[in-house]
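This report describes selected features of the structure shown below.

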Amino acid sequence: MTSAQDGPAQGQEQGRSEYGVALFLGAIGVLVVVSALLLPESRISRGPVGPAAVPVVVGGLLVVVAAFLAVDVARGGRGEPESGEDVELGAGSDWRTILLLAASFAANALLIESLGWVFSGAILFWGSAFALGSRHYVRDAVIAFALSIGSFYLFALGLGTVLPPGILRGIL
Amino acid sequence: MDAFGSLVEGFGTALTPTNLAFALLGVLLGTAIGVLPGIGPAMAVALLLPLTRGLDVTTALIMFAGIYYGGMYGGSTTSILLNTPGESASVVTAVEGNKMARAGRAAQALATAAIGSFVAGTIATLLLALLAPTVADLAIEVSPADMFAVMALAFIAVTSVLGSSRIRGLASLGLGLTIGLIGIDATSGQQRLTFGVPELADGIDVVVVAIGLFAVGEALWTAAHLRRRPVDVIPVGSPRMSRSDWSRSWKPWLRGTAIGFPFGAVPAGGAEIPTFLSYVTEKRLSKHPEEFGRGAIEGVAGPEATNNASAAGGLVPLLTLGIPTTATAAVMLAAIQSYGIEPGPQLFDSEPELVWGLIASLFIGNAALLVLNLPLAPVWARLLRIPRSYLYAGILFFASLGAYAANANTFDLFLLLVIGALGMMMRRYGLPLLPAIIGVILGPYAEAELRQALQISNGDLGGLIDPMSVVVYVIIALVLLFPIVRRVLPRKAHVPVLDEAVHELEEAHAHHGATTAVAVERHVGERHVDGGRAGERPAGERRDRAPGDPPPGS
């Protein structure tokens, strides 16, 4: 959703990051086209249309779209941020929360195989709740472990999928 | 095959204790998840995708259908009882519904939404049962060239949604198609866009893409802009309606069904346009136009019925062509594919038990929704008070769980975070998610059909042209070129109701997007473009509306 004439400072600030989106699209488009053209000649390829044809078209589409988007932004078009029940637009993004969430998320990904899902999942939940402003440390921890242990058994018994037990191997 | 005979057999499938239990579970889960702020039906189905690994395909789809309908209904509860609207399809419901709730008529608003959803859902499912086999019979004849054309139409149509930026829709489509390209090319065996990473050789699992875009992206985006003030939930008793509420509601229900079903059945970008269309229609036909904007029951009854009817309509292209028109349908298609079942026209012949069991369970789910939701409304209202820190921490927790359980691979968790970041960026810059997920899911199929068509014609591009595909390409050209065609058309060709709907749609967007960064004014050219798109389907739309329109004076 587009177009706005804002206060000059705010508009410029927003506009610059919108050009970033166009740049991102264009870069991906070029990447897709180049990597398609670099594909080696296939020996088992069947049919007249090779594996490069569609990527070239898709990459080309992205490059063209990026150019049009840049023109749209230059003419004052702006993307409409998505609204929602819990979303309050107006202030800038809360990067501290995002970074804390991403850290909890990455901690789970790094620890899931060594520590096991029960701990890594609990860390993920507890860390996310903390990032989002919950300060009931003990209650959060109890909920976190209840969820991770409960989901471990639900998956093991209900679906036959065993999540990594980690250091609790043999105990769970 | 006789549709009614098959439907009876479908009920045989749906009424087995296991399937019935999962249908009810789906409806309950769907409603609960739909009521929770920030979670729409698409995210609900995406998060529950991994659960299907342990279920039989028919049972899993029956549960998903319950979630689909339940989620639609749950969203309306949120928009009526909370003072901020949620997903796009329930924006209109929030306009009148929230006003009604504030005026102490929350119970009536919830009742007309629930009963209207039931009426619309039942009629629309019946239409689906009657129409789908015929469409599938016609579609079974199509060649790869035609199928490619239809998929191209789906791509173009979902990006050209009324009242939104086309260029951003195309950008989103391009991103989705790119993600779909990653992995080993099935025809030549060559790796594309894998950059030597072995985990990417099999492509990115659609489950990871869906969870990343819908769940992680949503949680991150909301977290970045979390409303820290306590929410204002309007208390509610048991839903009920007076005699005058009934007499003001039944016609909007029927009209809403007639508007919603055909719009859901064509790939034109979901429930937002038809719900606005229904709202404007009711406003025009109402005997109490002065109540609109202050809590008119017709303004809840019509759009809610439309919403559900379009959900059922969306299953027509999904089951007959394998082409999703909404984000939720796209994720359901991914679920069908994960069982190795090829969606498409042959589905009715190859998997009759699945298709008819699914359709029958829609009837059951609909009835269950009505029975559950009227008495449970106060319980659902309590869900709205869940602490937001737990809600979004829980979404991230279940997202990680689901993505990991799909392939037991840590790499997928990092991929999930990257796709989540992409989803957040798309929400920030107004890139719609629907074209992206459709691109990821349909892209590989479209490429396969294209290459098959060109293989048949031995590389001659003329092989893409036959009578049916020409018709489809003409429609695509019309959709693409409409802004230009529009200027040539005489002013009379504008359909006033549609123009007004587009206007309301833009106002609503302008209202909700009204931040310091996004002002509301549009330049004239843009409005013209959008107005142009409005006149696109005048004849068909009118014809389709006629059956549900009660004769004047009845």
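## Contact between chains A and B

In this predicted model, the contact draws 73 residues from chain B and 77 residues from chain A. On the side of chain B that touches chain A, at least two residues each come from helix H7 (166-181), helix H8 (206-224), helix H16 (388-407), helix H17 (410-428), helix H18 (433-456) and helix H20 (496-512) of chain B. The most is given by H16(B), with 11 residues.

By class, the residues of the side of chain B that touches chain A comprise 32 nonpolar, 28 polar and 13 charged.

## Chain A

Chain A contains five helices and zero strands, and its elements follow the order α-α-α-α-α from the N terminus on. The chain has 172 residues, of which 41% count as buried. Among the contacts in chain A with a separation of 6 or more, 63% are accounted for by residues 24 or more positions apart.

## Helices H4 and H5 of chain B

Helix H4 (residues 57-81) of chain B packs with helix H5 (residues 91-139) of chain B at an angle of about 165°, and their axes are 8 Å apart. Angles over 145 degrees count as roughly antiparallel, and H4(B) and H5(B) are therefore roughly antiparallel to each other. Their crossing is right-handed.

H4(B) makes the contact through B:Tyr69, B:Tyr73, B:Ser76, B:Thr77, B:Ser79, B:Ile80 and B:Leu81. The residues of H5(B) in the contact include B:Thr93, B:Ala94, B:Gly97, B:Asn98, B:Ala101 and B:Ala106. Also among them are B:Ala109, B:Leu110, B:Ala113, B:Ala114, B:Ser117 and B:Gly121. In the contact of H4(B) with H5(B), 11 residues are nonpolar and eight are polar, with no charged residues.

## Residues with positive phi

Most residues other than glycine have a negative phi. B:Leu193 is not a glycine, yet it has a positive phi of about 55°. B:Leu193 lies in the loop between strand E2 (191-192) and H8 of chain B. A residue is buried if 20 or more other C-beta atoms lie within 10 Å of its own; B:Leu193 has 20 such atoms within 10 Å and is therefore buried.

B:Ala408, also a residue other than glycine, has a positive phi near 50°. B:Ala408 is placed in the loop between H16 and H17 of chain B. Because B:Ala408 has 13 C-beta neighbours inside 10 Å, this residue counts as partly exposed.

Key:
Residues are numbered from 1 along each chain as its sequence is written. Chains are lettered from A and ligands numbered from 1 in the order in which they are written. This is a predicted model: local features need pLDDT of at least 70, side-chain atom pairs count only at pLDDT 80 or more; totals for chains, interfaces and linings use all residues. Two residues are in contact if their C-beta atoms, placed from the backbone, lie within 7 Å. Helices (H or I, at least four residues) and strands (E, at least two) are DSSP runs, numbered from the N terminus. Ala, Val, Leu, Ile, Met, Phe, Trp, Tyr, Cys and Pro count as nonpolar, Asp, Glu, Lys and Arg as charged, and the others, Gly among them, as polar. A residue is buried if 20 or more other C-beta atoms lie within 10 Å of its own, exposed if 12 or fewer, and partly exposed in between; C-beta atoms are placed from the backbone. Axes are lines fitted to C-alpha atoms, for helices over the stretch in contact, and angles run from 0 to 180 degrees between N-to-C directions. Angles under 35 degrees count as roughly parallel, over 145 as roughly antiparallel, 65 to 115 as roughly perpendicular and the rest as oblique. A crossing is left-handed if the near helix is turned anticlockwise from the far one by less than a right angle, and right-handed if clockwise.
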